[in-house]
Amino acid sequence: MAANAAREAAALSRALDALGGVVSAEEAHRLVMVLGLLRHHAESSRSDDVPDRSYRTYAWDQLLSSAMGGDRLYDVIGDGVRDWEADSGRRLEQRVPDLRAVRPAQLREVLDAVTLVRSPVRLFDLVLQAQSRDAKGGQYFTPRDVTRLMVELLDPRAGESVYDPACGSGGLLVESAAYVAAHGGKAEDLRLYGQDVSASVLDTAAMNMGVRDLEVRLAGPESSLLRDGFPERTFDVVAVNPPFNQSRWDDGHGRYDGLWPLGLPPQGNANFAWVQHCLKKLAPGGRAAILLPTGAATGTRGAERDVRARLVDTGLLAAVVELPAGLIPHVRNPVCLWILSAFQGGGPLKERGEVLLVDAREGALAVDKRQRVLPDEVVERISDTFASWRGRSGAPRYADRPGWCRSVRVEELAAQAEYDVLPSRHVPAPATRGEEESDGRGRLAELTAELVRHFEDSRRLERELLDLLGNR
């Protein structure tokens, strides 16, 4: 399996290199994704055994059967996209890139790579990885290990609605559907919604959902902060990895629309505008996860501090997980995952009045010099910790663990002037070996003394019982 995966990745890399100098890197990625979509359209339509489609000649068939280039290539791919739009009821905003300079030999190498990859879904995963790795200027998609963690903590269920207001390629929506399917539900029973400011990434999301046969409603291209694409809807689950520290986000008017329940966000930083947008879109009993830079947990600017204070005081902030540096492409510093509101509709969190803080900074695994990932065991440890803390049925009883997690009372956080919620500032460091040995000796002495007391009580009760029997 690993050898096949390596061959697939190598073939795709060669195909993308073959297009270098002919089309831009972005256009090369898009071409491969469109070809994957056309392959899926042909294969799935035939497998559906729909009479009026069974004998249709698809664009994918034409591409495989003839050596074409230039204008003919453009026309065939364009016709194929229109056929897919007609059959799926979806529409791509951007047209096929100019392919007049692509020669038949280059196209053949690309087609061979698309055919070699075991499925269009696998092809999309490879292209999205390449796109994030090669992106310039912060155009990237959230890595799967991070999306998996977010979805694990949100625990979406069949029949619920999931919304990503900065959806990019749709990774969080895809992961939510996979989570429901893995837990015995049907992915098609999950209602998926997304919005993004970029037309090109909305097309990527539409194609990504298309090759996975997932239904989704997409809005945009417009910022969710300025024009909500679903103004009348709220959602059970909201998950987002928004642009960090986004300046000039309000376009001169967005911040004055009066819809900020916890206070006006700073004009020069959108972090807490995104937080409040998530809260506004939550249905009763809903829950949200949002990735934020660490500065959002500690910032001393008045507006940021005030919003953070209201999140804590109102019990809307459930947990903050501090993640390792290097997990998000082009973000060198650690980031934090915030879990908002939610499980507090009369459940155990409302009664507890505490915030769970997890310091997972040391949990990354280096894949190479450029990439770090969150291993499955770390994702599961964070998920298990949160499940225990919120009192999920069947989870073990929660306990604070030095160097890992601590449940902090709201009153303690409120006693600090800045309402700092950065986990590494609240979770105590793990004990050193000497401290552990000292603590162990002390605990042994306590247990020994307690055992001696029990022996003495036992002898006293024995004497009293014999006296009582002797007097009868």
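Is Arg212 buried, partly exposed or exposed, and at what relative accessibility? Arg212 counts as partly exposed, because its relative accessibility is 21% and the buried class stops under 20%. Keep in mind that this is a predicted model.

Arg212 forms a salt bridge with Asp125, with 2.7 Å between the closest N and O atoms. Distant parts of the chain are linked by this pair: Asp125 belongs to helix α7, residues 120–134, while Arg212 sits in the loop between α10 and β3, 87 residues apart. Asp125 is partly exposed too, at 28% relative accessibility.

In total, the structure holds 24 salt bridges. Another one joins Glu175 and Arg144, and here the closest N and O atoms are 3.2 Å apart. Glu175 lies in helix α9 and Arg144 in helix α8, 31 residues apart, so this pair also links distant parts of the chain. Which of the two partners is buried? Glu175 is, with a relative accessible area of 9%, whereas Arg144 counts as exposed at 56%.

Next, Arg409 and Glu411. Their closest N and O atoms are 3.2 Å apart, and they form a salt bridge. Arg409 is partly exposed at 39%, and Glu411 is partly exposed at 47%. There is also a network: Arg148, Glu152, Asp376 and Glu380 are joined by salt bridges that share partners.

Last, helix α15, residues 376–389. Its 14 residues reach 20 Å from the first C-alpha to the last, close to the expected 20 Å. Buried residues in α15 include Val378, Ile382, Phe386 and Trp389. Gly391 follows α15, with a positive phi near 75 degrees.

Key: Residues are numbered from 1 along each chain as its sequence is written. This is a predicted model: local features need pLDDT of at least 70, side-chain atom pairs count only at pLDDT 80 or more; totals for chains, interfaces and linings use all residues. Side-chain values use heavy atoms; hydrogens and water are left out. Helices (H or I, at least four residues) and strands (E, at least two) are DSSP runs, numbered from the N terminus. The expected span of a helix is 1.5 Å times one less than its number of residues. Buried means under 20% relative accessible area, exposed over 50%, partly exposed in between (1.4 Å probe, protein chains only). A salt bridge is a side-chain nitrogen of Lys or Arg within 4 Å of a carboxyl oxygen of Asp or Glu.
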